[in-house]
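Thank you all for coming.

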Amino acid sequence: MNRETSPFRTPSTGASPTPKHASLTASTNLRYSLTRKSIYDRHLNRTKTSELSKSAFAFLFGEMVQHAQKKVYGVQDLEKKLNQHGYAVGQRFLELLLWRDGRTAKRETRILGILQFISHSLYRAIFQKAADTLEKVRENEDEYMISDNDPLVNAYVSVPKEMSQLNCGAFIAGIIEAVLDGHCFPAKVTAHTAPSELWPGRTVFLIKFEPDVLEREALRVGG
Amino acid sequence: MSSASRARLGEEVWKTRTDKINAELVTLTYGSVVAQLCKDLDGDYAEVNKQLDKMGYNIGLRLIEDFLAKSNMQQKCANFRDTADVISKVGFKMFLNITPTIANWNSDGKQFSLLFDENPLADFVELPDDGKAQAELWYSNMLCGVIRGALEMVQMQVDAHFVSDLLRGHDTTEMKITLVRYIDDELPQDDE
Amino acid sequence: MVMVIMAIQLTGINRVVYAVLILNKAGGLIYQRDFNPGLQKLSSNDYLILAGTFHGQVSLASAARAQVHAITSQISPTNETTSSGLEVLESENFVMRCFQTLTGTKFLVFAEPRQPNLDVVVRRVYELYADYVMKNPFYQIEMPIRSEGFDRHLAAYIKPHQ
């Protein structure tokens with residue numbers, strides 16, 4: 001299980017808490033210290049409540065944005081890169097969360113269920129607060145919105161005017177996308193700035209599900 | 001300022017003047033950065049090390065202001081031993097909530113090691129099993145750059161590099177920091 | 001902790017801050033913001049002159065006197081360098097606090113004469129700078145500061161007290 005969270009592994013998608021082939025990957029050429037504990041000896045919950053400074057994250061995230069910016073053409077491309085980083089983080093967070101829920105872990109099978117899981121459980125685990133709203137887009141059957149009044153990743157980010165379309169919350173959109181994918185609800189998730197008077201940094205994550213998801217949902221409702 | 005009062009300062013800044021977040025978010029985000037570099041650079045780990053150091057350097061140039069503003073330090077360190085103490089007890093404490101052990105001073109007091117008993121960046125990490133990552137990649141190399149960049153802004157040119165890492169199967173994680181020189185003139189700093 | 005308490009106490013004080021300026025390590029003016037029309041508005045050029053004055057090894061008091069003369073008459077600067085690295089320039093019309101960080105960045109706060117605890121104000125501005133300028137990935141080091149977050153938080157800190 002510990003292997004699944006390593007950044008160099010691709011975690012198994014799907015909500016199954018035990019990857020099928022975990023036991024088959026035992027042979028390794030990696031060296032381990034004989035005197036110190038390896039990641040396999042340390043409890044996965046060890047860091048569950050650990051904290052680091054918001055500054056450390058802000059600097060890391062800022063440099064990630066700057067680095068990504070060097071190799072992209074335009075805002076969309078930059079958001080895609082940030083989305084990819086978030087996706088990698090989301091995949092691993094999902095594994096951790098489900099593992100930690102243990103036997104009480106539930107496989108969400110309905111759209112509303114998975115969206116609530118994201119805006120409450122996942123959001124709380126990562127950001128220590130629930131998302132601010134969860135809404136259905138009225139005009140479009142396949143679209144939902146999760147909003148965050150003050151996304152952690154944007155706390156210190158001021159987007160220049162010439163890039164006003166950019167929202168670095170694309171990183172969080174990537175996290176959400178990974179968790180949806182992991183539950184077999186493939187969707188495209190994008191971040192949009194939607195300021196309110198009180199919350200200048202308010203961000204809406206627009207979730208657009210693939211047609212299959214809606215078809216399946218319709219079958220469930222029907223049955 | 002004594003070593004003990006620095007430890008107290010570090011604790012105080014961490015406890016009362018630091019906004020905190022979930023450590024795993026930082027750990028996993030750092031992991032994503034390293035993994036992406038390994039992919040982008042096609043497993044050229046020497047180049048990955050270089051890029052991580054460079055990214056850290058850019059962070060260090062900025063992070064120093066946050067460090068000074070929050071710690072309220074207004075006096076230059078009297079000597080390099082003090083600098084080492086401040087890096088470990090105040091710097092690492094306030095950003096990563098760890099205080100690496102200072103060890104292995106050389107005779108002229110210009111080189112020491114930081115021993116990382118804990119390294120939040122490396123939680124959950126196992127290097128790729130490709131027969132070379134464990135020999136070539138310094139996973140936490142960004143930290144070296146951060147120290148290099150931050151100290152440069154307070155007129156110290158240093159060299160910082162890892163000499164061992166638990167992730168490579170070593171028994172310690174050790175970074176060596178060497179004072180190259182004190183920078184006298186104000187050089188313009190470029191944001192690389 | 002001490003800082004936090006002091007900041008809270010300050011909110012009860014009628015504090016009038018005229019302007020905040022930031023100079024980069026090379027002495028260039030990278031930020032200038034006026035908060036109060038109370039001080040006869042200095043032109044950008046005046047600010048640049050002041051900015052230049054505080055850079056380099058020029059004696060603070062004498063150089064400032066020469067330059068500020070063009071702006072206000074009847075000036076009697078007092079130059080005091082405290083252990084905290086703060087420098088003060090006081091005239092009948094305003095008081096100016098200059099704080100130079102260990103990296104060489106300089107923060108200048110202009111306020112109504114006899115304002116108490118201006119050093120607290122300067123330090124808070126430094127913290128806001130560390131947060132909303134240094135942590136903004138779109139800010140290029142040493143360049144003029146255009147950061148909506150910094151403007152907003154600086155105004156939120158300075159203005160409610162006026």
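First, some ground rules. What you see is a predicted model, in which local features need pLDDT of at least 70 and side-chain atom pairs count only at pLDDT 80 or more, while totals for chains, interfaces and linings use all residues. Residues are numbered from 1 along each chain as its sequence is written, and chains are lettered from A and ligands numbered from 1 in the order in which they are written.

The term pLDDT is the predictor's confidence in each residue, from 0 to 100. Chain A averages a pLDDT of 89, and 89% of its residues score at least 70. Over residues 14-25 of chain A, however, pLDDT stays under 50. Where pLDDT is low, the predicted coordinates should not be read in detail.

Now to the sheet of chain B. Helices (H or I, at least four residues) and strands (E, at least two) are DSSP runs, numbered from the N terminus, and two strands pair if DSSP finds at least two bridges between them. In chain B, an open sheet of 4 strands has the order β2-β3-β5-β4, with antiparallel pairing. Because β2 (101-103) and β4 (156-164) of chain B stand at the edges with a single partner strand each, one side of each is left without a neighbour in the sheet. On average, neighbouring strands of this sheet are turned by 30 degrees against each other, direction ignored. The strands from my opening question, β2(B) and β3 (residues 111-115) of chain B, run antiparallel and are joined by 3 bridges.

Helices pack on this sheet as well. Helix α4(B) touches β2, β3, β4 and β5 (174-182) of chain B, and its direction makes about 155 degrees with that of β2(B); here axes are lines fitted to C-alpha atoms, for helices over the stretch in contact, and angles run from 0 to 180 degrees between N-to-C directions. Helix α6 (residues 142-153) of chain B touches β4 and β5 of chain B, with its direction at about 165 degrees to that of β4(B).

Let me turn to how the chains meet. Counting two residues as in contact if their C-beta atoms, placed from the backbone, lie within 7 Å, 43 residues of chain B are in contact with 40 residues of chain A. On the side of chain B that touches chain A, α2(B) gives the most, with 13 residues.

How many residues of α2(B) are buried? The count is 15 of the 18, so α2(B) is largely enclosed by the rest of the structure; a residue is buried if 20 or more other C-beta atoms lie within 10 Å of its own, exposed if 12 or fewer, and partly exposed in between, with C-beta atoms placed from the backbone. Just after α2(B), B:D42 takes a positive phi of about 55 degrees.

Finally, chain C: 18 residues of chain B are in contact with 18 residues of chain C, and α3(B) gives the most to that side of chain B, with 8 residues.
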